[in-house]
Amino acid sequence: MTYTPPPATLTRPQLTGSFGMAASTHHTATAVAQSVLERGGNAFDAVVAGGFVLHLVEPHLNGPGGDLVGLFQPTDAAAPVVLMGQGPAPRGATIAHFRAEGLDLVPGAGGLAAAVPGAVDAWLLLLRDHGTWELADVLRYAVDAARGGVPLLPQAAAVIARVTDLFRDHWRSSAELWLDADGEPPAAGALHRNPRYADLLERLGAAEGTDRAARIDAAREVWKRTVGEAASAFLSVPHRHSTGGDHAAVITADDVTSFSAGYEEPLSVPFRGRTVVKAGTWTQGPALLQALAMLEPLPDEQLDPATAVGAHTQIETLKLALADRDGHFGDGADAAPLLAADYVAARRALIGPEASRTWRAGAPGGREPYRPPLRTAGADAAGTGEPTVARSGETRGDTCHIDVVDRWGNIASVTPSGGWLQSSPTIPELGFCLGTRLQMCWLDESAPSALRPGFRPRTTLSPTMILDGDTRIALGTPGGDQQDQWQLPMILRMLVGGYTAQEAIDAPTLHTTAMVDSFWPRGWTPAGVVAEDRLGEAALAGLVARGHDVVRAGDWSLGRLSAVGVDRATGTLWAAANPRGAAGYAAGR
């Protein structure tokens with residue numbers, strides 16, 4: 001059996017050049033990043049400028065009050081570094097408090113679910129330490145977008161329409177920002193302006209200091225103090241949450257001002273002669289590493305997602321890895337036992353010829369897994385969860401992603417999210433809301449991802465880097481629980497099937513829903529699979545024959561992958577972007 005060939009016709013070319021490349025989920029962010037490169041900035045100046053613009057052009061998918069996970073590697077660094085932009089639970093976010101509020105889950109919308117915002121501080125930290133531009137110059141693109149306005153994507157307009165009643169009836173500050181003068185949802189393409197956020201960005205750019213680093217640090221302090229004071233005061237008033245009840249948030253100004261983004265060492269596994277790099281167990285990234293380790297020794301024909309056997313093998317492998325995610329991952333958890341060769345081999349041996357309908361987390365080193373509630377039915381409330389792919393296959397949106405590489409070989413891959421316009425009420429003084437990442441925490445002390453003050457929720461954000469000698473690849477996608485699931489077939493097609501990145505992105509994909517959803521109301525679908533119709537009748541019928549419950553999601557619906565790469569030995573750069581959703585683009589030369 002030969003590996004399925006790549007698509008004969010691509011939606012766009014894989015870009016190649018030698019100067020600089022950017023790819024993201026929105027064409028404007030890509031254009032901004034490339035503009036910075038053209039004006040002499042490096043990859044880190046560019047990715048930060050693009051990241052701030054993503055707050056404006058994809059506000060339903062990320063916001064300044066959210067979080068991020070990044071991987072980056074300066075050209076002279078021996079290994080990638082994790083950019084940690086995930087804030088922890090506030091000091092008042094205790095299980096006892098949530099239980100006293102009558103809750104058995106952290107709500108999916110509302111200020112009580114807010115972790116400390118971490119994205120902006122992480123962007124500023126990266127710029128300070130690895131960029132070259134002044135902050136005011138980097139922020140000018142976002143300021144212009146906020147003042148002049150950006151056309152609302154059809155997806156953004158649809159999200160606003162979906163939460164219009166919530167805004168009108170309960171979140172008046174959000175209605176004032178996002179609905180039109182008549183209190184109606186705006187049309188797709190309507191210009192949206194956010195002058196209050198522009199004012200705050202200009203304050204950051206005007207922060208004073210003795211040198212560039214000191215000015216950025218001063219801006220970080222302005223940001224924390226301003227956001228902490230405004231958010232804690234506004235959200236302390238009880239307001240509507242996804243549960244249908246009204247609660248006051250517990251976040252304080254001190255929670256915000258005491259947090260700082262940081263750097264961490266990544267985790268990695270070898271796969272087919274390359275090294276695949278992810279962030280730690282406070283993300284879901286190690287699940288992809290475990291899946292690759294399970295698949296590593298299998299024959300190529302079992303690693304072809306376009307065949308029934310390959311798709312089945314991929315899905316069953318992911319179900320095992322994601323069960324281990326939910327049974328063992330959390331802030332401070334040790335990934336080593338989960339990636340140990342003997343444990344990976346034992347997990348591989350569980351992949352059978354039929355679809356498993358059992359939640360099967362393992363016990364590495366005798367460590368018993370946490371067993372989360374397996375809820376097979378869940379509510380669908382406005383404003384809740386990460387706006388990603390519904391279990392029906394319907395795509396409501398997702399997160400954001402941006403990759404940049406420059407002529408010197410600096411490279412970055414960042415997935416920003418949270419603080420979606422529908423997360424919690426807009427804070428009037430700021431022009432944005434806080435996120436709801438705490439919904440990934442369990443109200444159960446025995447869970448490795450339990451709600452604990454000062455601990456980070458186990459996020460779904462999960463960028464990837466791949467190393468092979470002088471070759472460096474940065475890639476990622478939005479998609480909540482699907483992020484690593486959509487990256488896996490892309491990696492298999494590139495590293496096993498020999499596809500280019502653009503060929504792998506364009507190829508049809510699939511994912512499982514047979515894992516515990518990271519978002520409220522935390523559902524689980526035994527043997528569930530969502531697949532693009534283009535996967536083909538033979539593969540889809542083969543999955544059904546093996547016992548999978550397959551939902552067809554249309555031809556072009558799953559994933560918003562992008563990637564950039566560099567071969568430092570030759571100086572060749574490349575970039576690829578996703579056509580799904582008609583928003584993502586790559587640019588470069």
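# Contacts, Burial and Salt Bridges

Biologist: Which residues are in contact with Val404, leaving aside its neighbours within four places in sequence?

Modeller: Val404 is in contact with Met21, Ala22, Ala33, Leu37, Ala43, Ala46, Val47, Asn410, Ile411, Ala412 and Val564. The model is predicted, and a contact here requires heavy atoms within 4.5 Å.

Biologist: What makes Val404 stand out in the largest nonpolar core?

Modeller: That core has 91 residues, and Val404 belongs, with Val47 and Phe52, to those with the most contacts inside it. Helix α2 (residues 43-57) supplies the largest share of this core, eleven residues. A second, separate core of 46 residues includes Phe329, Leu475, Ile491 and Val530.

Biologist: Why is Thr281 called buried?

Modeller: A residue is buried under 20% relative accessible area. The relative accessible area of Thr281 is 5%, so Thr281 is buried. Its place is in the loop between β11 (274-278) and α12 (285-295). Not counting residues up to four places away in sequence, Thr281 touches Pro286, Phe329, Gly330, Asp331, Ala333, Ala335 and Arg458.

Biologist: What makes β10 and β11 a hairpin?

Modeller: Pairing calls for at least two bridges; strand β10 (residues 267-271) and β11 have five, and they run antiparallel. Two residues lie between these strands, and Arg272 in the turn has a positive phi of about 50°. Phe271 stands opposite Arg274 in β11. Three bridges also pair β11 with strand β14 (residues 464-468) in the antiparallel sense, where Thr275 stands opposite Leu467.

Biologist: What is the order of strands in the open sheet that contains β16, and which are its edge strands?

Modeller: The order of this three-stranded open sheet is β16-β17-β18, with mixed pairing. The edge strands are β16 (510-512) and β18 (549-552), for each pairs on one side only. From one strand to the next, the twist averages 20°. Strand β17 (residues 528-531) is antiparallel to β16, with three bridges between them, and Leu510 stands opposite Ala531 in β17. Helix α13 (residues 308-328) packs on the sheet and touches β16 and β17; its direction makes about 40° with that of β16.

Biologist: Why are the buried residues of helix α18 said to be on the same side?

Modeller: The buried residues of α18 (residues 537-545) are Ala539, Leu540, Gly542 and Leu543. They cover an arc of only 160° around the axis, and therefore lie on the same side of α18. These buried residues pack against α13, β16, β17 and β18. The face turned away from the buried side carries the exposed residues Glu537, Ala538, Val544 and Ala545. Just after α18, Gly547 takes a positive phi of about 100°.

Biologist: What makes Glu58 and Arg560 a salt bridge?

Modeller: The cut-off is a side-chain nitrogen of Lys or Arg within 4 Å of a carboxyl oxygen of Asp or Glu. From N to O, the side chains of Glu58 and Arg560 are at 2.6 Å, and the pair is a salt bridge. Glu58, in the loop between α2 and β3 (67-73), and Arg560, in the loop between β18 and β19 (562-567), are 502 residues apart.

Biologist: Are these two partners buried or exposed, and how do you know?

Modeller: Both values are set against the limit of 20%. Glu58 has 0% relative accessibility, so Glu58 is buried; Arg560 has 11%, so Arg560 is buried as well.

Biologist: Why do Arg147 and Asp199 count as partly exposed?

Modeller: Partly exposed residues fall between the buried limit of 20% and the exposed limit of 50%. Arg147 stands at 34%, and therefore counts as partly exposed; Asp199, at 38%, does too. Their side chains meet in a salt bridge of 2.5 Å, N to O. Arg147 lies in helix α5 (residues 135-148) and Asp199 in helix α9 (residues 195-205), so the bridge ties together parts 52 residues apart in sequence.

Biologist: Where do Glu316 and Lys319 lie?

Modeller: Both lie in helix α13, three residues apart, which is about one turn of the helix.

Biologist: What joins Asp121, Arg128, Asp129, Asp217, Arg220 and Lys224 into one network?

Modeller: Salt bridges that share partners join these residues. The structure holds 35 salt bridges.

How values were computed. Residues numbered from 1 in each chain as written. Predicted model: local features only at pLDDT ≥ 70, side-chain atom pairs only at ≥ 80, totals over all residues. Heavy atoms only, no water. Helix = DSSP H or I, 4+ residues; strand = E, 2+ residues; numbered from the N terminus. Axes fitted to C-alpha atoms, helices over the stretch in contact; angles between N-to-C directions. Core = buried A, V, L, I, M, F, W, Y, C linked by side-chain atoms within 4.5 Å. Buried < 20%, exposed > 50% of the residue type's maximum accessible area, 1.4 Å probe, protein only. Arc of directions from axis to C-beta.
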